[in-house]
Structures are given as C-alpha cells and as structure tokens.
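Please look through the sequence and the structure shown below before reading on. The report then takes up a few topics in turn.

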Amino acid sequence: MLRAKIIATGSYLPEHIVTNRDLEKIVDTTDDWITERTGIKERRIANDCQAASDLAYEASLSALKKAQLKPKDIDLIIVATISGDMPFPSTACLLQAKLGAKQAAAFDLGAACSGFIYGLHVANGLIRSGMHQRVLVVGTEVLSRFTDWDDRSTCILFGDGAGAAILEATREKRGIMSTHIYSDGNLADLIMLPGGGSRSCCSRESILKKLHHIKMKGNETFKVAVRTLEELASTTLEVNSIDPSQLSLLIPHQANLRIIQATARRLGLPMEKVFLNIEKYGNTSAASVPIALDEAAESCRLNDGDYVLLEAFGGGLTWASALLRW
Ligand code: ACO
C-alpha cells in the first residue's frame with residue numbers, strides 16, 4: 001500500500017525577539033497575565049524586509065538540505081498561510097521562484113492555524129493516488145503585520161515564523177497513517193481579518209475601522225477549541241485503533257498552554273509526551289505545527305516507529321489532525 005512519509009523538516013524563526021516585558025511598554029498588560037493565561041513569554045517578529053515567502057524560503061532550504069534534495073526534485077509546493085506576501089501571485093509561486101523549483105506546481109492553502117495539517121491532508125491524498133511524487137508543504141506567517149498593536153487581547157498572542165516538510169511516497173508501514181480535516185463556517189466571526197478582500201477592500205474607512213487587523217473573540221474561541229481538540233484527538237486515535245498510551249508524542253498547535261494542557265488531560269496523556277515551544281514563539285498560526293515538528297525532530301524526540309499525533313485549530317473555524325508513524 002502506498003503511503004506518504006515525511007522525509008525531512010525545516011524551520012525558520014526571525015531573529016528579533018519581543019518579550020512580554022517589551023509589550024508591557026506598549027499596552028496595558030503584564031508578564032504575569034500573559035504567562036498565566038497563555039504560557040507565552042516571548043515571540044519572534046520579522047524585520048521590515050521579510051515577507052511570508054522569505055521565511056518560507058529559509059525553512060524550505062533547511063528541509064531540502066536535510067533531505068539531500070535539490071529544488072528541482074520537488075513536483076508540488078503547498079504553502080499554508082493567512083499572511084501571504086500579497087493577494088496574488090500566491091506565496092507558493094513566489095517561493096517556487098526563490099527556490100528555482102522549476103518542476104513544481106505551486107498553490108496556497110488558507111485554513112488559518114490548521115493550514116499546515118490541511119496541507120499534509122492534500123499532499124497525502126495526491127501522493128497516495130500517484131499524482132505527485134514529492135511534495136513540499138510549508139506553513140509560513142508574518143502575522144505581526146496584521147496585529148493591532150493597540151489591542152492587548154490579541155497583540156500578545158501572535159508571532160512570526162515558518163516551518164516546512166518534504167513528503168514522498170513509501171511502501172513501508174510508516175508515514176502518514178491518517179489525516180482528518182473539519183470546518184465550521186458558522187463560527188467564522190470568532191477569528192477574522194475582515195479587511196483587504198472583496199467585501200471590504202482597502203479604503204480610508206477600512207483603515208480607520210482597523211479592518212486590516214486580526215479580530216478575535218478569545219474566550220469563546222478558547223471554549224470551542226478545548227471541546228473540539230479533545231474530540232479530534234480521540235477520533236484520530238480510534239480510527240487507527242491506537243490507545244493514547246501508545247502515543248509517543250502529541251505535537252499540538254501552540255495557541256494557548258491551557259488549551260494544550262486540557263487536551264492532554266482529557267486524553268490521559270502526561271505533559272512529558274506533549275511538545276511545547278509556545279513559551280518562545282507564541283502563536284505562529286500555520287507555521288506553529290511544522291516549527292514544532294522540526295524542533296521535535298532536531299531534539300531527538302522522534303524515534304523510528306513512534307506514533308506522533310499532530311493537531312491544530314484556528315480561524316474558519318477549521319480544525320485538523322494527522323497521525324504519523326515516524
Ligand atoms: N493583559 C491584561 N489583561 C487582559 C489582556 C492582557 N493582555 N487581555 C485581556 N485582558 C483582560 C480582559 O479585558 C478581561 O478583563 P475584564 O474581566 O475586566 O473584562 C480579562 O482579561 C479576561 O479576558 P478573557 O478574554 O476572558 O481572557 P481569557 O482567559 O479567555 O484569555 C486568551 C484570553 C488568551 C485570548 C484566550 O481566550 C485564548 O487563548 N483564546 C484562544 C485563542 C485561539 O486558540 N485562537 C485560535 C487560533 S488563532 C488563528 O486562527 C489566527
């Protein structure tokens with residue numbers, strides 16, 4: 001049976017660090033409040049010259065190097081982002097040009113924080129069907145450009161970064177065991193960036209109304225996330241006839257430490273089996289899971305044969321999971 005397997009990962013984080021103490025100087029907040037409510041201590045912010053494709057390029061180069069592949073070996077590029085360089089061309093096409101990946105088709109995928117796992121879902125299907133052989137899936141975000149730096153309820157949450165994975169076909173009994181994607185557009189108003197599209201394109205009024213910034217009903221989102229992620233994790237394990245005790249690592253979207261802890265508690269999973277980097281990077285949306293996956297691989301937290309569960313939740317609403325056998 002043909003499966004898709006992740007053969008290499010990469011990530012890139014901008015150098016500039018903004019700590020909670022730095023944020024205390026620009027909005028009415030405290031390091032204690034942010035740490036207690038979110039688990040975040042600091043986040044990375046891209047420099048003025050860096051857009052989403054630049055971060056994606058660095059993460060992709062790192063993955064290609066680890067895989068010992070050339071850009072021409074990739075036949076499809078999927079970029080998950082909600083903060084692409086521009087409405088069009090796609091960030092995936094801009095990345096393709098930067099890499100010189102001439103053999104690849106390229107497109108963007110928008111599923112907010114769930115985007116990378118949505119990307120794995122698509123790549124997995126295309127590889128299993130034989131339509132593509134080697135796919136680069138990237139999650140990249142520069143959300144700092146869309147953050148309202150006067151809104152203390154959102155500006156403390158987000159950070160910039162990119163993560164990448166290269167998938168190829170395998171006949172081994174490992175790789176991507178299953179992927180699961182869901183959405184509920186009825187809850188679209190919980191997290192959105194209302195301006196800049198065909199409903200409210202850029203105008204003096206849209207700028208005055210701050211429509212080009214992220215709006216989030218944080219508390220309501222939090223409750224839906226806790227309920228949904230637990231159900232998602234249980235379903236994914238059930239479909240694969242895996243008991244939570246057989247899981248080696250849960251790699252969750254890093255949005256809020258309390259959401260992650262609640263999911264682990266409901267699964268009966270000790271926190272030692274949960275990968276965390278939220279403290280350093282905050283919520284990097286579509287980049288969150290691939291950055292964490294790359295750091296887990298680099299820190300030898302993934303061993304051959306391990307069952308690894310990826311899960312994410314975000315705007316749309318969307319939610320998604322993938323069970324990997326490493
Ligand atoms: N510093 C100090 N006080 C604050 C801050 C802050 N930075 N932000 C909000 N507060 C205040 C509020 O004004 C409120 O005060 P009040 O009680 O006087 O009205 C109080 O703190 C509590 O606010 P809540 O919003 O109820 O706080 P909550 O415990 O829910 O934490 C948070 C807020 C961190 C945003 C949380 O709700 C959360 O993480 N939600 C989920 C986010 C998420 O998962 N998003 C999905 C992905 S994002 C994407 O897709 C792009």
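## A helix and its cover

Two parts are said to be in contact when their heavy atoms lie within 4.5 Å. The model described here is predicted. In helix α4, which spans residues 91-99, the buried residues are Thr-91, Ala-92, Leu-94, Leu-95, Gln-96 and Leu-99. The elements covering these buried residues of α4 include α3 (52-67), β4 (76-80), β5 (105-109) and β6. After α4 comes Gly-100, which has a positive phi, near 75°.

The protein chain is divided into domain 1, covering 3-172, and domain 2, covering 177-325, and the centres of the two domains, taken over C-alpha atoms, are separated by 14 Å. Domain 1 brings 48 residues to the contact, while domain 2 brings 45 residues. Between domain 1 and domain 2 an area of about 3700 Å² is buried, and carbon and sulfur atoms give 62% of it. On the side of domain 1, Cys-113, Ile-117 and Tyr-118 supply 18% of the area buried against domain 2, which is more than any other three residues supply.

Polar groups also take part, for there are 23 residue pairs in polar contact between domain 1 and domain 2. Among the elements that give two or more residues to the side of domain 1 touching domain 2 are β1 (3-12), α2 (31-38) and α5 (115-128), and α5 gives the most, with eight residues. The residues on this side of domain 1 divide into 18 nonpolar, 17 polar and 13 charged.

## Salt bridges

Side chains of opposite charge can pair when their charged atoms come close. In this model the count comes to 18 salt bridges, and four salt bridges are found across the interface of domain 1 and domain 2. Lys-210 and Asp-150 meet through their side chains in a salt bridge, at 2.9 Å from N to O.

Another salt bridge joins Glu-168 to Arg-134, with the closest N and O atoms 2.8 Å apart. This pair links distant parts of the chain, since Glu-168 is in strand β7 and Arg-134 is in strand β6, 34 residues apart. Lys-280 forms a salt bridge with Glu-295, and here the closest N and O atoms are 3.4 Å apart. Because Lys-280 lies in helix α10 and Glu-295 in helix α11, the pair ties together parts that are 15 residues apart in sequence. Lys-280 counts as partly exposed, at 36% relative accessibility, whereas Glu-295 counts as buried, at 16%.

Finally, a network of salt bridges links Lys-5, Glu-172, Arg-174 and Asp-304.

Definitions and conventions:
Residues numbered from 1 in each chain as written. Predicted model: local features only at pLDDT ≥ 70, side-chain atom pairs only at ≥ 80, totals over all residues. Heavy atoms only, no water. Domains from an automatic or database assignment. Buried area = accessible area lost by both parts, 1.4 Å probe. Polar contact = N/O pair within 3.5 Å; in protein donor to acceptor, adjacent residues only side chain to side chain. Helix = DSSP H or I, 4+ residues; strand = E, 2+ residues; numbered from the N terminus. Nonpolar A, V, L, I, M, F, W, Y, C, P; charged D, E, K, R; others polar. Buried < 20%, exposed > 50% of the residue type's maximum accessible area, 1.4 Å probe, protein only.
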